[in-house]
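Thanks for coming, everyone. Let me put the structure up, and then I'll walk through a few parts of it.

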Amino acid sequence: MDFSFFLSAFLRLLPGVPLTLQLAFVSVGLGMVLALILALLRLSRIRPFEWIARAYIFLFRSTPLLVQIFLIYYGLSQFPTVRYSVLWPILRQPYWCAIIALALNTAAYGSEIIRGGLRSVPEGQIEAARACGMSRITVFRRIVLPLAIRQALPAYGNEIILMVKATALASVITMMEITGLAAKLISESYRAVEVFVVAGSIYLIINYVITRVIHLLEYWLTPHLRSVSTPVVIEREDAA
Amino acid sequence: MNDFGVMTVFSFAPGGWGAAMAAASAMTIAVAMAGFIAGAIIGTFGAWAKISGGRIVRSVADGYTTVLRGIPDLLVIYLFYFGSSAVLTPIGRFFGANGFLSLPAFFAGCLAIAIVSGAYHTEVFRGAYQVVALGEIDAAYATGMSRALAFRRIIAPLTLRFALPGLANIWQLVLKESSLISVTGLVEILRQSQIGAGSTKQPFTFFLAAAILYLLISSASGWLLQFAERHFTRGLRRG
């Protein structure tokens, strides 16, 4: 094992980290908004809206992400109307195509998670809020959405990690994020195993940090589920 | 040149892309199926290691599932495709072969899918095994079955029954993942679509066709798996 190669590989792959994080977070952010809209459409009890959401979720979940990326990046250029439209400066760039594809894809998965969260809100809480005189929108903003977010958080954490992994596909449309740089380094050095170990470790570290942050958020959002040991500690501090 | 209809592009007549796309679909199914089965074998050992292994064996299995679920699949495919040449070329040279050797794309792809899906299989099998009622296993031993016989007649069939929904999920994942093998040049659906898109200058048409083919395969297999699930749980009371 040649330690200096590991170090130099690490330094070569490190510049890809910001792009990986950017792709992941921008697409998760945009995807979350779309996911919420889709979940609301799905639960709207208005037939055409429900169908649209269902069809969207079905289409994006049963085709590979790489096909979706290619459809947007290579496919759209087939139509002259797209090429001459105002959107072309955006759709021409692999960066934005990757983000659009990732966001559209995660929205389909995320909407199912959010739908589960929204449906888990106990009916009694909503009735209590209505009884207090809150309007429907206030109930949604103050009661339903916060409870749903808390419920959906662990599953959404998983989705975020899947998205960090999915950003690797952006390397196929020339984005030089971690996997892109790793592929380049492999073809230069022919040392696939070492480069794989280094790139894999970087992804594992990123995903570990995200998992910890999600755990922390979960802990912070569920004070009612914490064990009783916390007040005991406070008591001791008071006594001292 | 650009305005011939979709039906002519994908016709099965000479010059059409129908036959090529059909062959590519068969390749996708073959590589996904081989990877899935190999992954199930890895998963069986993984679950066994997690359930009844010692501390070291268990932590190796835990490490495997944690690492594989945190690393992009594309990276694993690169590892096997390029990494195999790092291993095979010196071996080849030793036996007198000159030049660059690597695993055929099909094998490298299968192996990558197997290793990745093996991690999911491990968790599914472990979860399913835990649902099997202890009483059934005890009853098997009580009737005098040996460990191997109890495993073959009681544990394995019951575990498989409970694992079926999870296995169906893994199959859908594997099917979609097989599209990543196109980067190694294996002519499956996506690679064939790239070839078609390049030579006809109709990328949207071809990638849309790819999406539809994946949709068809995933829907058809989803339907079959649902049927299998109903068939194999027909003896189960529904709660």
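**Around helix H8 of chain B**

The cover over the buried residues of H8(B) includes helix H4 (65-73) of chain A, together with H2 and H9 of chain B. Covering here goes by contact, that is, C-beta atoms, placed from the backbone, within 7 Å. Buried means 20 or more other C-beta atoms within 10 Å of a residue's own; exposed means 12 or fewer, partly exposed is in between, and C-beta atoms are placed from the backbone. Helices are DSSP runs of H or I, at least four residues, numbered from the N terminus.

Some housekeeping. This is a predicted model: local features need pLDDT of at least 70, side-chain atom pairs count only at pLDDT 80 or more, and totals for chains, interfaces and linings use all residues. Residues are numbered from 1 along each chain as its sequence is written, while chains are lettered from A and ligands numbered from 1 in the order in which they are written.

Back to H8(B). Which of its residues are buried? They are B:Ile189, B:Leu190, B:Arg191, B:Gln192, B:Ser193, B:Gly196 and B:Ala197. Next comes B:Lys201, with a positive phi near 60°.

Now the interface. 28 residues of chain B are in contact with 31 residues of chain A. On the chain B side, H3 (55-70), H4 (73-94), H8 (189-200) and H9 (203-232) each supply at least two residues. H9(B) gives the largest share, 10 residues. By class, that side has 21 nonpolar, 6 polar and 1 charged. Nonpolar is Ala, Val, Leu, Ile, Met, Phe, Trp, Tyr, Cys and Pro; charged is Asp, Glu, Lys and Arg; the others, Gly among them, are polar.

Last, inside chain B. H2(B) and H7 (residues 147-177) of chain B pack at about 135°, axes 9 Å apart. The contact is made by B:Ala32, B:Gly35 and B:Phe36 of H2(B), and B:Trp171, B:Val174 and B:Leu175 of H7(B). That comes to 5 nonpolar, 1 polar and no charged residues.

Take B:Phe36, in H2 (residues 18-52) of chain B. Why does it count as buried? Because 24 other C-beta atoms lie within 10 Å. Beyond its neighbours within four places in sequence, B:Phe36 is in contact with B:Ser117, B:Trp171 and B:Val174. B:Ile170 is 134 residues away in sequence, yet 8.1 Å away in space, C-alpha to C-alpha.

Methods
Two residues are in contact if their C-beta atoms, placed from the backbone, lie within 7 Å. Axes are lines fitted to C-alpha atoms, for helices over the stretch in contact, and angles run from 0 to 180 degrees between N-to-C directions.
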